[in-house]
Amino acid sequence: MSEQRALSRRRLLASVAALPILAATADGASISGTMPWSPFAGEPPKPVNPLGWYFFTPDEVVTIEAVVNRLIPADNLSPGGKASGCAVYIDRQLAGAFGQAQRLYMKGPFMPGLPSQGYQGDLTPAGRYRLGLRALNDYAHATHKRGFAQLAPAQQDAVLAGMDGGKIALRLKPGFSTKEFFEMMLQNSMEGFFADPLYGGNRNMASWKMIGFPGARYDYRDHIDKHNVPYPRPPVSIYSAEG
Amino acid sequence: MRKLFLAAALAAVSSAASAAGVDAGRYQSVLGDCEGCHGKNLAGGVELMTPFGKLVAPNITPDKQTGIGNYSGEDFRLAMKAGIGPGGKRLYPAMPYPAYAKMSDADVASLWAYLQTVKPVRRAVDVNQLRFPFNLRFMMRGWNMLFFRPALYAHNAGKGAAWNRGAYIANGPAHCGTCHTAKTMMGSDKGMALSGASLQGWFAPDLTGDRNAGLGGWSAAQVVEYLKTGRNTHSIASGPMSEVVEHSTAQMNDADLRAVAVYLKDLPASDGNGGGASGVEAQMKSGAGVFRMNCAACHSFNGRGDNVLFPPLAGNALVRQSSAETLARVVLAGSKAVATPAAPTGPGMPSFAWKLNDAQVANVLTYIRNNWGNRAPAVSADTVAKIRKSLQPASH
């Protein structure tokens with residue numbers, strides 16, 4: 001215990017000593033008068049390339065597409081998760097900053113946290129998907145002698161429900177529960193289904209049409225006085241030039 | 001002791017008198033917008049892209065090595081009014097000596113008195129970066145022989161004092177025609193004075209009484225408000241005019257602004273903008289969709305904008321110029337309106353280059369130029385493509 005404390009004390013001193021060096025590189029600017037402006041300013045989000053896979057392996061593609069298609073099944077309300085591009089959305093997110101947990105502090109020590117604090121382990125979201133999808137297929141092979149994608153829809157639903165309800169435990173890692181993996185896939189599928197099409201999901205704005213959301217419009221003054229009249233215009237994406 | 005006191009009193013009196021002269025000279029520099037090209041500290045460096053290449057405004061602080069500290073008053077008068085520097089060096093008419101030639105010698109002398117009091121700045125400027133053969137200064141002798149008709153402002157006895165004062169300012173020190181009058185391939189004036197011209201990727205609008213593209217729809221009070229604050233209910237100054245407002249017109253006194261307005265409001269109408277577009281139903285339909293999606297939130301579905309913050313497009317002469325150069329530029333690159341002490345907000349227009357292709361920009365411009373009673377020629381995708389390329393040479 002005392003040795004550990006001495007170590008952390010030394011580390012603390014070292015990091016404090018490093019502070020002035022870091023601070024010296026920090027940039028500051030003061031602005032007076034009007035706000036600065038430059039032509040062509042703007043950082044519009046870049047639309048993803050809709051073709052190919054950036055993160056998932058071919059096996060993983062088959063499995064995740066089967067999952068999103070059960071979480072959001074095709075019915076008379078909307079196309080399914082696969083046709084809506086949810087797997088493409090998740091793939092692009094995992095290949096990017098989200099997948100690498102670039103926004104998070106990802107060095108140890110890794111301590112168990114409270115449920116409200118979310119995942120506290122050393123795996124990035126990309127690592128969790130890689131581990132989780134493999135464990136999901138291993139489970140399907142062990143119990144049904146087939147991959148998850150080859151199961152009947154009712155069997156797939158039963159597996160997913162078991163993961164959600166704590167009745168099925170995949171071989172994951174300590175600190176990364178099966179229920180957490182299920183909730184992650186559900187959360188990301190919903191994001192893909194409802195996010196702007198430029199991110200790879202919500203193809204043809206099908207989810208927005210389903211719920212009557214007019215999309216990235218920002219002016220309804222021509223309609224605001226028409227009470228109890230549905231908004232007549234179709235949804236538009238951030239990248240829709242006309243509407 | 002008494003002598004000393006007397007000397008001190010005399011010195012105080014004469015310095016007060018010269019201070020008044022310097023103030024008058026400083027006002028001449030406001031009228032002439034010296035800062036617009038020579039910079040806030042007058043040490044030069046502002047680049048002017050002309051059709052003949054690049055000119056950089058020189059240092060006009062009293063520094064002896066790099067400025068005009070070695071000029072005599074007569075040297076300065078000749079540079080201002082004849083375009084001839086010390087040693088016979090010919091100036092280029094980007095320095096608007098053809099307009100300054102109209103200034104009275106008294107006004108030029110008072111400007112000289114002021115410039116001698118400016119803080120000297122040591123800064124060498126490589127002025128002449130024109131292409132061959134335009135970089136050969138002696139050629140300006142020929143240009144001057146052909147096109148330069150130096151003449152003091154001629155008082156028009158048929159007009160009132162305000163009109164004459166306005167005409168003197170607009171055509172003399174304020175040199176409005178340097179931008180607002182079209183130029184020939186040789187850089188001399190052509191066509192009707194102040195009826196609008198293209199330069200540096202902007203279209204300086206028609207200032208004549210034309211009701212469609214000119215100031216025919218503005219009252220004299222609205223002209224004054226625009227020049228004083230940079231905006232009125234018709235328009236907001238941006239681009240090169242925002243600099244003119246900031247460095248020059250916003251600092252002019254109200255009597256002079258009224259005089260300029262009286263003069264401009266008396267200009268006969270130009271030949272107009274070429275009339276409205278016809279046979280462009282497809283462009284109008286697409287343009288309406290682009291407008292609803294990208295423009296309406298600020299400029300309103302009815303094109304009326306929002307008073308002085310978002311300029312109206314309906315009835316806006318700037319929208320109805322013969323050339324859509326300024327409009328295409330503003331849609332592609334965005335723009336920032338001038339901020340003046342009277343109107344400090346300086347609202348901005350975002351860039352749409354990332355989102356709208358050339359045809360969509362052309363369609364929405366054709367739409368706003370021919371909707372809500374506006375009538376102006378259609379805009380083609382080719383025109384927009386050329387303007388986009390000129391603004392973003394690296395990325396396209």
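Predicted model: local features only at pLDDT ≥ 70, side-chain atom pairs only at ≥ 80, totals over all residues.
A:Met205 counts as buried, because 21 C-beta neighbours fall inside 10 Å and the cut-off for that label is 20 or more.

**Two positive phi values in chain A**
- A:Met205 has a phi near 55°, which is positive even though the residue is something other than glycine.
- Where does A:Met205 sit? A:Met205 belongs to the loop between H6 and H7 of chain A.
- A:Asn204 is not a glycine either, yet its phi is positive at about 55°.
- The loop that holds A:Asn204 runs between helix H6 (178–194) and helix H7 (206–211) of chain A.

**Cis peptide bonds**
- In chain A, the peptide bond leading from A:Gly108 to A:Pro109 is cis, and its omega is near 0°.
- A:Pro109 is part of the loop between helix H3 (86–95) and helix H4 (125–144) of chain A.
- In chain B, B:Phe132 and B:Pro133 are linked by a cis peptide bond with an omega of about 0°.
- B:Pro133 is placed in the loop between E3 and helix H6 (139–147) of chain B.

**The sheet in chain B**
- Three strands of chain B make an open sheet in the order E1-E2-E3, and their pairing is antiparallel.
- Which strands form the edges? They are strand E1 (47–50) and strand E3 (128–130) of chain B, each of which pairs on one side only.
- From one strand to the next, the twist averages 20°.
- Strand E2 (residues 53–56) of chain B is joined to E3(B) by three bridges, and the two run antiparallel.
- Within this part of the sheet, B:Leu55 has B:Asn128 of E3(B) opposite it.

**Domains of chain B**
- According to the domain assignment, chain B holds domain 1 (2–147), domain 2 (161–265) and domain 3 (281–391).
- How far apart are the C-alpha centres of domain 1 and domain 3 of chain B? The distance between these centres is 38 Å.

Methods: Residues numbered from 1 in each chain as written. Chains lettered and ligands numbered in written order. Domains from an automatic or database assignment. Pairing = 2+ DSSP bridges. Helix = DSSP H or I, 4+ residues; strand = E, 2+ residues; numbered from the N terminus. Axes fitted to C-alpha atoms, helices over the stretch in contact; angles between N-to-C directions. Buried ≥ 20, exposed ≤ 12 C-beta atoms within 10 Å, placed from the backbone.
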